[in-house]
Amino acid sequence: MLETVLFLIFAAICVGGAINLLAQKHPISSALSLIVVMGSLAMVYLLLGAEFVAAVQIIIYAGAIMVLFVFVIMLLNAGEEERSATGSRVAMVLGVPGLLAAAVTTGWVLTRHGPASTPVVLGEFHGSAHAIGRLLFHEFLLPFEVTSVLILVAIMGAVVLARRGE
Amino acid sequence: MIPSGDYIRILPEIVLSIFGMLVMVIDPLLGENDDRKSIGVVSAIGALLALGATFIMAGHPGEAFYNILRVDDFAVFFHVVVILIALACILMSFEYLKVQEIRQGEYYGLILFGTVGMCLMSSAIELVMLFVAIEISSISTYILAGFRRRAAESAESSLKYFLLGSFATAFFLYGIALMYGATGSTNVDAIAAALRQGTPVMAYLAIALMMVGLGFKVAAAPFQVWTPDVYEGAPAPVVALMSTGPKAAAFAVLLRVLFGTAAPGWFWAVWIAAALSMTIGNFGALVQTNVKRMLAYSSIAHAGYLLVAFIAVRNMEQGVSAAMFYTAAYAAMNVGAFAVVSHFASAGEKYVSIEDYAGLGRRSPVLAAVLTVFLLSLIGIPITGGFFAKFYVFRAAVSSNLIWLTVIGLVNSAIGSYYYLRLLVMMYMKEPQSEESVPSVPFAAGFAMAGCVVATLYLGVFPNRVLQFAIESARTLVH
């Protein structure tokens with residue numbers, strides 16, 4: 001039950017973030033929406049019981065790759081700096097009522113239902129680091145090793161394309 | 001513990017990877033002004049050794065690395081085709097790179113690594129492995145397309161190929177994910193077993209998405225739009241490679257995915273793709289003035305003929321073996337044609353328009369004769385490989401009652417012969433525009449051309465041995 005509710009919440013946030021990513025004019029705003037998408041995706045993975053993938057999702061995507069994105073955007077200086085003094089209209093109209101509604105709902109749930117006696121189970125944790133390690137170095141050993149050729153090719157490509165005229 | 005036999009089953013890939021790294025190490029060890037031909041020689045030796053390793057591999061059929069790949073006749077066939085293509089491209093690059101002043105180290109390395117990917121594509125029976133292999137072969141060709149650094153169209157070619165190619169790979173990956181969702185496995189055999197139990201709707205979607213991805217890689221309509229621009233901008237020997245090598249490997253993947261998994265519901269999709277590719281390719285080629293663009297459209301048309309063989313489902317062995325034979329014949333004649341084009345183009349790829357070929361029959365009789373063989377084979381004239389390739393394909397189609405598609409194919413062949421003949425007329429019946437002598441063909445490129453001529457004529461005069469091998473391989477593939 002709780003799993004489904006949590007899934008719906010995070011799936012909605014994820015899709016909303018993805019739409020917002022496309023709708024935003026400023027690249028930095030888009031990049032920030034991408035973090036929302038990545039974060040909520042990590043939660044979906046966690047709900048599926050894939051703890052390791054969820055952690056990696058946060059560290060690699062929301063962490064490293066996003067920083068790269070933001071760096072590139074800053075270095076390219078893409079997009080004019082535009083500041084609107086009025087702020088987002090959506091936030092103005094829906095912000096205070098929405099927050100109030102959320103607070104009231106939470107309060108209602110907390111007062112009506114006492115502390116739960118049974119712990120909440122979020123799926124069966126099967127994607128542990130141990131299991132993934134076994135898969136990578138056992139059943140999928142060859143694709144894992146061959147990926148090194150792929151990375152080597154990509155590095156060579158970067159060298160070739162980045163070299164200035166000889 | 002992994003049994004040592006498994007390593008023999010990837011021996012060609014190991015040899016190619018080692019030589020790829022060797023080339024990368026040798027390049028910086030040479031001095032600034034040293035002759036860099038040795039790098040090319042080393043990579044040609046690597047390709048030759050890989051060919052030898054393929055024959056050792058052929059003696060050890062079976063699965064390897066926990067069912068990730070399978071060495072059977074089918075895999076051996078495509079290993080040989082792909083490695084020979086790579087060898088021919090390496091040989092024709094010796095002179096080309098010097099004339100065009102292109103840096104050599106990474107160039108040969110990328111060809112060798114790309115070949116590793118193509119070889120793995122033909123033997124992998126696990127979709128995850130297939131994906132990694134396709135990416136290796138694609139990424140190295142994206143980069144190779146951009147090697148003419150002085151030409152803006154080369155950068156355009158590389159970028160276009162990269163963006164559209166990544167998009168296509170994403171489709172393929174999505175297809176894999178859905179296939180896993182539908183059948184609970186990414187192994188071709190396990191998928192076949194699961195699909196025999198019943199076909200979930202998701203499986204149809206998965207097949208469709210994978211076909212979009214592979215359709216792009218083989219340049220079949222309606223995913224062909226990138227082909228002319230990319231082929232026009234890329235260096236000519238690289239076009240020889242990428243119009244045959246990754247394409248042959250992608251056809252191998254398509255055969256494995258469609259026939260190996262006994263996938264349902266692709267009949268009409270491939271029917272339409274075949275008819276569209278033939279028609280768009282041939283009509284597009286009619287109006288071209290650039291030889292590379294013309295051959296690009298012709299390669300779309302040939303992808304269409306090849307797809308006809310896929311739909312000959314009533315006799316799958318015949319269809320699959322016709323497709324395999326066509327791949328080999330097409331590789332021989334197309335690599336050869338581009339070998340001539342890349343030699344004739346001279347510095348900066350100046351001479352690539354059809355008018356430049358005027359009077360070539362008088363200016364350089366040998367070069368013109370060699371190109372004539374390949375053009376006749378591309379038309380499908382008897383005693384060339386192209387004839388039997390088309391013959392087997394259409395025979396398979398007729399025996400499966402695909403009358404309409406056969407008619408479309410034959411009409412297209414007739415239309416197609418016009419633009420090949422136009423080039424022939426230009427070479428033999430027009431006055432030369434310039435009296436500038438054509439440089440004589442260097443040994444390595446000449447060797448590559450001669451090899452392609454021999455292969456084209458061999459397939460046209462003695463097609464039985466290759467066809468017999470293809471039929472046996474098809475038997476191992478089709479359940």
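I take helices (H or I, at least four residues) as DSSP runs numbered from the N terminus, and I take the expected span of a helix as 1.5 Å times one less than its number of residues. My notes concern a predicted model, in which local features need pLDDT of at least 70, side-chain atom pairs count only at pLDDT 80 or more, and totals for chains, interfaces and linings use all residues. I number residues from 1 along each chain as its sequence is written, and letter chains from A in the order in which they are written.

Entry on α2(A). I looked up helix α2 of chain A, residues 27-47, and found that its 21 residues reach 30 Å from first C-alpha to last, close to the 30 Å expected. Its buried residues (under 20% relative accessible area, 1.4 Å probe, protein chains only) include A:Leu34, A:Val37, A:Met38 and A:Leu47, and the buried residues pack against α1 (2-23) and α3 (51-76) of chain A. After the helix I noted A:Gly49, whose phi is positive, near 90 degrees.

Entry on α3(B) and α5(B). I found helix α3 (37-58) and helix α5 (105-123) of chain B packed at an angle of about 10 degrees, with axes 9 Å apart, the axes being lines fitted to C-alpha atoms over the stretch in contact and the angles running from 0 to 180 degrees between N-to-C directions. I therefore record α3(B) as roughly parallel to α5(B), a label for angles under 35 degrees. The contact (heavy atoms within 4.5 Å) is made by B:Ile39, B:Gly40 and B:Ser43 of α3(B) with B:Gly105, B:Tyr108 and B:Leu112 of α5(B).

Methods:
Side-chain values use heavy atoms; hydrogens and water are left out. Helices (H or I, at least four residues) and strands (E, at least two) are DSSP runs, numbered from the N terminus. Buried means under 20% relative accessible area, exposed over 50%, partly exposed in between (1.4 Å probe, protein chains only). Angles under 35 degrees count as roughly parallel, over 145 as roughly antiparallel, 65 to 115 as roughly perpendicular and the rest as oblique.
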